[in-house]
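Let's walk through this protein together, one region at a time. Keep the sequence and the 3D view side by side as you read.

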Amino acid sequence: MKMFQLFGILLFCGLLTPSREVPPGLSCAVSPRAVQNVLAGAILQNGLLQQHLQSLLLPNIVGDGGLLNLHISITGLRLIKARFLDLSVMLLPGIGVQMSIAMKLDLRGNCLMGLLSEVIDIAAEVSIGMNIKCTNYESGTVQVIIEDCLCIFGDIKLNLLSGLLSLSLSDLVHAQLTGTLPALLCSVMNAVVNIVNVQLLSTLNAVIQIGTGAIQYQLANTPFTTDSFLGLDLEAVVQQAGGSIIPYDSSPLPLPPLRNKLLVVGVYQGFLNAALGLLIRRQVQTFACTPEAFSGAKQLREAVTKLLPAGCSGCSRTSPLSVKIALSGSPRCSLEVNKATLRLSVSIQLLSQRSDGSLLSLLLLRA
């Protein structure tokens with residue numbers, strides 16, 4: 001189960017190009033669609049963006065009524081609801097991730113036109129596009145910045161209870177919203193993206209207890225992008241229960257291409273061996289050679305009786321036999337194309353009980 005957690009933590013990994021050789025640790029490859037799914041879940045499905053949009057402080061809209069020469073003011077303007085239409089992601093080589101979010105904002109405020117005061121509803125369609133870049137790597141963390149944040153407005157619809165809409169009012173609302181909303185929305189997106197960055201880094205910089213020790217992960221360097229991949233390297237330190245580090249060899253490892261897969265994980269053979277050393281720690285197992293436990297117990301007893309020296313002091317030809325199995329050395333895994341082989345070294349000892357209660361070793365095998 002712990003090994004599944006080990007790979008589960010890589011869900012938010014970026015990816016490596018198939019030909020890139022990486023430093024010690026682990027690597028993974030995530031498709032742009034998987035990156036989009038992760039960002040959509042973190043930003044939209046968890047309600048993070050909705051929550052921050054609700055705290056928007058919108059300025060009052062003030063102007064005159066043009067030819068009618070009426071004073072117009074819209075105050076107390078607030079967001080009633082945000083409906084998210086789409087979130088898309090594109091990878092920009094050497095720059096980062098371009099993310100676009102299309103949404104519809106339902107606003108409500110108090111409108112005063114001359115002496116007439118009533119509630120006004122505004123529905124504004126807007127698409128926010130931004131480039132997200134990682135920089136300033138230090139000790140497993142990176143700073144995320146948003147560049148070239150741009151808001152493109154679609155339809156802006158107004159609704160008054162009286163239905164008395166004028167062209168000047170529509171022009172005024174459109175001009176002031178398109179002039180003030182972009183800065184506010186980009187500020188919100190900057191805060192949201194930074195929160196998501198902290199959340200994702202917490203999954204990459206973590207300590208997981210596994211078997212008799214722990215594995216500590218850390219982001220190895222600044223993520224990078226190609227036109228098809230977002231690159232990320234991970235370092236992994238394997239520690240025993242006492243805190244000592246288990247060293248392992250990590251030869252350069254090229255990842256295979258994704259080929260329509262969402263995720264490809266590369267695990268170094270040396271790391272896998274170190275992790276298996278924590279996971280496979282079986283206690284010494286002892287089995288009684290009774291007919292119930294061992295189908296060949298009777299035949300084994302007869303064979304051992306013939307082997308016992310006639311003058312063996314304390315040797316019993318009737319006492320029960322037992323088999324003792326113990327791991328010796330560390331488990332080793334060798335990886336080949338489409339094949340993994342796990343080798344365990346064990347010692348198998350055949351024991352007989354003397355008349356004084358002590359155990360006599362009759363046979364020792366290593367397998």
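Ser352 sits in strand 17, which covers residues 346-353. Helices (H or I, at least four residues) and strands (E, at least two) are DSSP runs, numbered from the N terminus. Ser352 is buried, with a relative accessibility of 5%; buried means under 20% relative accessible area, exposed over 50%, and partly exposed in between (1.4 Å probe, protein chains only).

A word on what you are looking at. This is a predicted model, in which local features need pLDDT of at least 70 and side-chain atom pairs count only at pLDDT 80 or more, while totals for chains, interfaces and linings use all residues. Residues are numbered from 1 along each chain as its sequence is written, and side-chain values use heavy atoms, with hydrogens and water left out.

Now the overall picture. The protein chain holds six helices and 18 strands, and 42% of its 367 residues count as buried. Contact means heavy atoms within 4.5 Å. Of the contacts between residues at least 6 apart in sequence, 61% join residues at least 24 apart. The accessible surface is about 19,500 Å², and carbon and sulfur atoms account for 56% of that area; these areas come from the Shrake-Rupley method with a 1.4 Å probe, and for residues only the protein chains shown count as cover.

Next, find helix 2, residues 32-45. After the helix comes Gly47, with a positive phi near 75 degrees.

In soluble globular proteins, nonpolar side chains tend to be buried together. A nonpolar core is a set of buried Ala, Val, Leu, Ile, Met, Phe, Trp, Tyr and Cys residues joined through side-chain atoms within 4.5 Å. The largest such core has 60 residues, and Leu49, Leu53, Met99 and Leu105 touch the most other members. Elements giving two or more residues to this core include helix 2, helix 3 (48-54), strand 3 (71-92) and strand 4 (96-113). Helix 4 supplies the largest share, 13 residues. Looking beyond neighbours within four places in sequence, Leu49 is in contact with residues including Ile43, Phe84, Met103 and Val192. A second, separate core of 18 residues includes Ile215, Tyr248, Leu276 and Ile280.

Leu276 brings us to helix 5, where it is one of the buried residues. Nine of the 11 residues of this helix (residues 269-279) are buried, so the helix is largely enclosed by the rest of the structure.

Let's turn to charges. Side chains of opposite charge can pair when their charged atoms come close. The structure holds two salt bridges, a salt bridge being a side-chain nitrogen of Lys or Arg within 4 Å of a carboxyl oxygen of Asp or Glu. In one, Arg83 meets Asp106 at 2.8 Å, N to O. Because Arg83 lies in strand 3 and Asp106 in strand 4, the pair ties together parts 23 residues apart in sequence. Arg83 is partly exposed at 32%, whereas Asp106 is buried at 16%. In the other, Asp121 meets Arg108 at 2.7 Å, N to O. Asp121 is in strand 5 and Arg108 in strand 4, so this pair ties together parts 13 residues apart in sequence. Asp121 is partly exposed at 23%, and Arg108 is partly exposed at 33%.

Glu118, in strand 5, is buried but has no salt bridge. The nearest side chain of opposite charge is that of Arg108, 11 Å away; Lys and Arg count as positive and Asp and Glu as negative, with His and the chain ends not counted. Setting aside neighbours within four places in sequence, the contacts of Glu118 include Asn110, Cys111 and Leu160.

Finish at Glu147 in strand 6, which is partly exposed at 29% relative accessibility. Glu147 and Asn131 are 16 residues apart in sequence, with C-alpha atoms 5.1 Å apart. Not counting residues up to four places away in sequence, Glu147 touches Met130, Asn131 and Lys133.

Terms used
The expected span of a helix is 1.5 Å times one less than its number of residues.
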